[in-house]
Amino acid sequence: MKTQGVGITITEHILRQERQNPRATGAFTTLINELIVAAKVISREVNKAGLVDILGATGRINVQGERVQKLDIFANQIIIQRMQHVGQLCCMGSEEDPDLIEIPPEYPKGDYIIVFDPLDGSSNIDVNVSIGTIFGIYKREGGSPNSDILLSEVLQPGIKQVAAGYFIYGSSTMMVYTTAKGTGVHGFTLFPSVGEFLLSHENIRIPEKGKIYSVNESNYQYWDNRTRALVDYFKTPDRKTGRPYTSRYVGSLVADFHRNLLKGGIFMYPADKKDPRKPSGKLRLMVEANPLAMVVKEAGGYASDGHGPILEIDPGELHQRVPLYIGSKKDVELAESFISGSAA
Ligand code: P6P
């Protein structure tokens, strides 16, 4: 009797990719596998979050009598705990930590760097909206694993990422990642009964042009005229160019990005004058824009800051913010023509 296969696990898929790379040492596989463990733990807590409020007496103490932490702090700690001992990292950068996170001296170091947003969109948890973990992985250039890493060694342009991806905790938990260099983008769905991420979306390709635009239009009064003209363009009826586009905005970057990756369209977080401390908008280059820009590039899409490729920006600081236009190549190129002023 033919046994029921479980399909291709993420581990099997990574090992296949490793075998195709003659210089692979297995270090990367170890790194990703520990990140996956962290994501499984976060997924469990995120899915339980609502229950804790129902089951916990005060909502602040959960069913095990543990103090309920803010889930993004919890997620940050889980990732750091899992990653710091794998022996493949020289440091980490997190959206939750102002400075680089060092590897404790008791653990061996390696020459990979991971930057991540541990739980993006966490304010949406209590309304059951999908949220996510975003990550990008770089290799240290120069320096030896035992020498202290400098921030300047971490601040590499996104095109240097050796891998990037995200976990989305929604109706199901998925992992979407790429190891860059034309290896494609692949999606895996967590099967809780098996406890494994199984290949569910092989070689994801984003449509060259979409029908969805995704932006928070309550910022309209804070945008410059070019940004307003761009959003007005998507809303103006024109059968020849398939307009008006449909508006979809979840308010959770990973959810908005993931929908557009599969269906096509453009997500925008433009520069605005709403908060003088954030003239370039809300999203961060290193832990949000760059990883998603690598994923979308490998899926045939494009990501721009309105003037040029996100992946070619030389970061000035770890938490630098950047305007983001990301998704279907033709839609993002059109956005660039409006924002850079080259539109006719
Ligand atoms: P706004 C969530 O807080 C987040 O960081 C992203 O996930 C999301 O795309 C964005 O902020 C939403 O921001 O200003 O539209 O609420």
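Modeller: One term before we start: contact means heavy atoms within 4.5 Å. Helices (H or I, at least four residues) and strands (E, at least two) are DSSP runs, numbered from the N terminus.

Biologist: Good. What kind of model is this?

Modeller: This is a predicted model, where local features need pLDDT of at least 70, side-chain atom pairs count only at pLDDT 80 or more, and totals for chains, interfaces and linings use all residues. Residues are numbered from 1 along each chain as its sequence is written, and side-chain values use heavy atoms, leaving out hydrogens and water.

Biologist: Start with α8. What do its buried residues pack against?

Modeller: They pack against α5, β11, β12 and β13. Buried means under 20% relative accessible area; exposed is over 50%, and partly exposed lies in between (1.4 Å probe, protein chains only). The buried ones in α8 are Asp 331, Val 332, Ala 335, Glu 336, Ser 337, Phe 338 and Ile 339.

Biologist: At what angle do the axes of α5 and α8 cross?

Modeller: Roughly 145 degrees, and the axes come within 8 Å. Helix α5 covers residues 225-235, and α8 covers 329-339. The axes are lines fitted to C-alpha atoms, for helices over the stretch in contact, and angles run from 0 to 180 degrees between N-to-C directions.

Biologist: Which residues of α5 and α8 meet?

Modeller: From α5, they are Arg 226, Thr 227, Ala 229, Leu 230, Tyr 233 and Phe 234. In α8, their partners are Asp 331, Leu 334, Ala 335, Phe 338 and Ile 339. That contact divides into eight nonpolar residues, one polar and two charged. Here Ala, Val, Leu, Ile, Met, Phe, Trp, Tyr, Cys and Pro count as nonpolar, Asp, Glu, Lys and Arg as charged, and the others, Gly among them, as polar.

Biologist: Now the sheet. In what order do the five strands come?

Modeller: The order is β10-β9-β11-β13-β12, in an open sheet with mixed pairing. Two strands pair if DSSP finds at least two bridges between them.

Biologist: How many bridges join β12 and β13?

Modeller: Three, in the antiparallel sense. Strand β13 is residues 324-327. Ser 304 stands opposite Tyr 325 in β13.

Biologist: Which helices lie on those strands?

Modeller: Helix α7 (residues 285-298) packs on the sheet and touches β12 and β13, with its direction at about 30 degrees to that of β13. Helix α8 lies across β11 (266-269), β12 and β13, at about 20 degrees to β12.

Biologist: How many residues of α7 are buried?

Modeller: 13 of 14, which leaves α7 mostly covered. Just after α7, Gly 300 takes a positive phi of about 95 degrees.

Biologist: Change of topic. Is Thr 133 buried or exposed?

Modeller: Thr 133 counts as buried because its relative accessible area is 2%. It sits in strand β4 (residues 131-139).

Biologist: What does the side chain of Thr 133 reach?

Modeller: The backbone oxygen of Pro 118, at 2.6 Å. The side chain of Thr 133 also makes a polar contact with the side chain of Tyr 169, at 2.7 Å. A polar contact is a pair of N or O atoms within 3.5 Å; within protein, one must be able to donate a hydrogen and the other to accept it, and residues adjacent in sequence count only if both atoms are side-chain atoms.

Biologist: And where is His 186?

Modeller: In strand β7 (residues 186-191). His 186 is buried, at 6% relative accessibility. Its side chain reaches the backbone nitrogen of Asn 203 at 2.9 Å.
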